[in-house]
Amino acid sequence: MTIGNWSKLPDNWAQLTPEQKRQHRLNNFLNPKGINFVSPEAERAYKIRAQRLVDVYNVQEPDRVPVDLPLGNLPFTSYGINMYTAMYDYDKVVQACQRFNDQYSAELECFAIPFVIPGRVLDFLDYKLYVWPGHGLSQDSPGFQFVEAEYMKADEYDALIRDPSDFWLRTYLPRIFGAFDSFRLFQPITNMVEIINVGQLMVLSMPQIQDTLQKMLDVGKEYQKMMKVAGEYYRMGIANGFPGAMMGAFCKAPFDTLGDTLRGTRGIMTDIYRRPDNLLEALDVIADITIKSVLTSPNISEIFMVGYPLHKGADGWMSQKQFETFYWPSLKKVMNAFINEGLIQSLFAEGSFNTRLESVNEFPKGAVTWYFDQTDMFRAKRILGDKCCIRGNVPSSLVVTGSPGDVKEYCRKLIEDCGKGGGYILSAGANAENPKLENLRAMLAAVKEYGVYK
């Protein structure tokens with residue numbers, strides 16, 4: 001999503017150091033172009049908040065510890081909107097966010113945006129990887145659930161490695177999108193090398209293919225409908241003085257790409273033992289795909305961060321030797337490619353990463369920020385804190401069910417230990433559904449009372 005009209009990368013980009021490239025991207029973040037602030041006060045507030053984040057990303061002391069409040073679905077449920085309605089009625093979800101922001105954005109120092117995946121798009125595509133409210137889950141369900149399956153067979157490693165684009169188009173996509181089942185009818189695109197091969201396009205005359213193309217058009221029209229209602233609202237947070245803490249790209253560790261959405265958990269864990277060479281070669285292929293997909297993005301000049309949800313590298317999923325053999329090298333390859341382009345790496349370590357901390361601290365200062373869920377934050381600060389920004393790990397359960405006093409006390413301990421020297425963002429360990437409003441107030445009160453640097 002394009003937020004501003006930032007300039008293209010400088011002509012001498014290739015001659016800049018990674019640090020100079022990162023500074024260029026952060027300067028763009030500090031001075032967004034194409035934004036009409038609603039008032040001089042909003043512009044000043046943006047500058048203060050953005051500089052606060054830049055300081056902690058650079059592992060320096062800002063004016064105050066930043067806080068990222070886990071709003072979850074509170075902006076919806078506060079006004080009678082469940083997730084089903086949010087996904088299917090764009091006018092209502094925008095109205096709910098507007099009401100929330102009118103009532104709470106100044107008090108909570110945050111800005112809710114109506115960012116949801118359009119439910120009708122998932123319906124049109126007959127998406128298989130998840131169930132969602134109104135589609136496999138009750139309409140009152142707060143979110144999605146992943147459907148674990150083997151979407152790539154054990155004997156298909158060679159096909160993936162030999163031609164990943166062809167594998168994706170004719171094998172993987174038809175398995176995860178019912179609407180794309182007809183893609184199986186295509187021959188490899190690389191078979192079409194000259195005019196006598198154009199007869200392969202006769203497949204476009206088949207009703208199954210035409211139905212797929214029509215569904216793709218329907219998806220495009222649905223996105224147009226959503227963006228007409230919600231598109232401009234995405235810019236309003238900045239215009240009102242609230243920088244997005246995660247202005248960047250999304251990707252995954254190559255092992256998680258294979259293990260989550262291709263081979264499945266059971267499949268990839270057995271592959272470690274039964275076909276380790278195939279797995280390592282495939283991880284390298286996925287790493288290259290991941291790098292290219294981000295660096296060729298149309299808005300690559302506009303972002304400064306790449307975010308990753310880390311899954312199967314967490315404590316207990318594999319031994320340390322397996323982590324250092326199968327999980328970390330391909331992830332490190334991806335990270336280094338992006339660091340070289342000046343992009344900050346934001347790693348969301350879901351679960352706990354207590355056994356991994358010593359082996360992952362090998363990047364330049366300011367290049368990586370770690371978002372911890374259940375990791376020992378005090379130990380993480382001691383091991384990573386000199387070079388990495390860290391954030392988390394207020395328990396989501398505490399934010400949802402605890403008292404404001406307990407929340408504030410938990411935050412105090414985190415701030416006083418992890419905030420030393422800068423480089424810390426107070427946040428929940430994971431997003432909290434239906435958080436208590438008074439507990440969000442307690443988190444903000446904690447940083448104002450304990451997180452101001454002298």
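**View 1. Glu350 and the residues it touches.** In this predicted model, Glu350 is in contact (heavy atoms within 4.5 Å) with Pro309, Leu310, His311, Ala314 and Asp373, leaving aside its neighbours within four places in sequence. Glu350 sits in the loop between β7 (344–349) and β8 (368–372); strands here are DSSP runs of E, at least two residues long, numbered from the N terminus.

**View 2. The side chains of Glu350 and His311.** A polar contact of 3.0 Å links these two side chains. Such a contact is a pair of N or O atoms within 3.5 Å; within protein, one must be able to donate a hydrogen and the other to accept it, and residues adjacent in sequence count only if both atoms are side-chain atoms.

**View 3. Glu350 beside Asp373.** Counted along the sequence, Glu350 and Asp373 are 23 residues apart, yet from C-alpha to C-alpha they are 5.2 Å apart in space.

**View 4. How open is Glu350, and how does the protein look as a whole?** Glu350 has a relative accessible area of 27% and is partly exposed, a class that lies between buried (under 20%) and exposed (over 50%), using a 1.4 Å probe and protein chains only. Of the 454 residues of the protein, 53% count as buried. The C-alpha trace spans about 75 × 50 × 50 Å along its principal axes.

**Notes for all views.** Residues are numbered from 1 along each chain as its sequence is written, and side-chain values use heavy atoms, with hydrogens and water left out. Local features need pLDDT of at least 70 and side-chain atom pairs count only at pLDDT 80 or more, whereas totals for chains, interfaces and linings use all residues.

Definitions and conventions. Helices (H or I, at least four residues) and strands (E, at least two) are DSSP runs, numbered from the N terminus.
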